[in-house]
Amino acid sequence: MSEALAAVLLLGGSFFMLVASIGLIRLPDVYCRMHAATKATTFGMGGILLGASLIFQNAAVTTQALLAIFFLFLTAPVAAHLISRAAYKRGPDLCAETTHDEYGKYLEGQKAEEESPERYGDA
Amino acid sequence: MIEIAVQISLVMMGASVLLAFIRLIKGPTTSDRVVAADTLATNVLGVIALFAIQTHNKLFIIAVLALAILSFVGTTVYAKFLERGKIIE
Amino acid sequence: MPLATLAFTIATIWIFLHGSATPGHFFVGLVMAFFIIRFLKKSYYQDRTFFRIGSYFRYLRSFTWELLIANVQVLKIVLSPRLSIRPGIIPYKTVCKTPLGVTMLANSITLTPGTLSIDVSDDDETIFVHTLDIDHPDEVAEGIRKGLEEPIVGAVE
């Protein structure tokens, strides 16, 4: 029973990893690719590690697997956040289908605010 | 049954690594390449976990834990490089 | 959680990691916990909300459900023969006040359906959210508010 569950978890986990990579190829720009890469890979790793802990049936392995899952769920969003912000500041490169871009307006407003005191200082 | 499942999973992971690698080579911008490298790192973690099951060696699970931490540090450094253009200031 | 409880938790985790529950290993765990706490005390964010365990479980249940939906949605979008996405970046006003609450919200947004947090404004009030498929920006914001923000506010604010 637990073997069957472990097999399903392993297959499902690696299937989601594959979906993430297909998304990496198919989606049009960095931010959309990040959606697939972040969500599906963490979910897939969770499945694979849970499957591994079910197969080994060992307290140490289960703890290590759970810690690894916890750590992945903690760090994957942070990494995605850092990369997407850096990518935007480097040059937005939003794909053609994009409908809203409020972040660009926010950054422009911030830049204008930074420049204005100096202008008053000169005058 | 587990053996067959692990074999099929390894094939899927191999395809996944290949696709991420294509994005790493093609990627029009540097940011694309960083995302691809991050995905590649996680894929390698999955391969190591599957390898641990295949060889019945539980030490590899510790390797997964350690590499997960290291790959996060690597991605952070990449992001900093993207934002500032240099790593050490 | 208080520092003494934290030390015992770290020692217990060490025993589980090691896989052999002897008093000697527990003692080694306590010594390591002492050094970890000593070096990382400054960045440890101490509050009393840890004891609201019920709300934590409510958040965890809500988060797990959203995570499942998110992955099924990614599956649908990536494997559909024709890509039908309309991405965009929208602002989301948060009511979370504490740094921990904003961090948890931003991280949870990234892992839930169709949304990815890009940046937090300087005053910690607005999270910029990249959305894969925008029909109505208000609907997206409503989904985040119902599914994530309310449980988080219940748990840590």
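Analyst: Start with a rule: a polar contact is a pair of N or O atoms within 3.5 Å; within protein, one must be able to donate a hydrogen and the other to accept it, and residues adjacent in sequence count only if both atoms are side-chain atoms. Across the interface of chain B and chain A, that rule finds six residue pairs, both residues at pLDDT 80 or more. This is a predicted model, where local features need pLDDT of at least 70, side-chain atom pairs count only at pLDDT 80 or more, and totals for chains, interfaces and linings use all residues. Residues are numbered from 1 along each chain as its sequence is written, chains are lettered from A and ligands numbered from 1 in the order written, and side-chain values use heavy atoms, without hydrogens and water.

User: What makes Asp32(B) and Arg33(A) a salt bridge?

Analyst: The rule asks for a side-chain nitrogen of Lys or Arg within 4 Å of a carboxyl oxygen of Asp or Glu. Here N to O is 2.3 Å, so the pair qualifies. The count between chain B and chain A is one.

User: How many residues of chain B are in contact with chain A?

Analyst: 47 residues of chain B touch 44 of chain A. Contact means heavy atoms within 4.5 Å.

User: Why is strand E2 of chain C called largely enclosed?

Analyst: Buried means under 20% relative accessible area (1.4 Å probe, protein chains only). Six of the six residues of E2(C), 115–120, are buried, so the rest of the structure largely encloses this strand. A strand (E, at least two residues) is a DSSP run, numbered from the N terminus.

Terms used
Buried means under 20% relative accessible area, exposed over 50%, partly exposed in between (1.4 Å probe, protein chains only). Helices (H or I, at least four residues) and strands (E, at least two) are DSSP runs, numbered from the N terminus.
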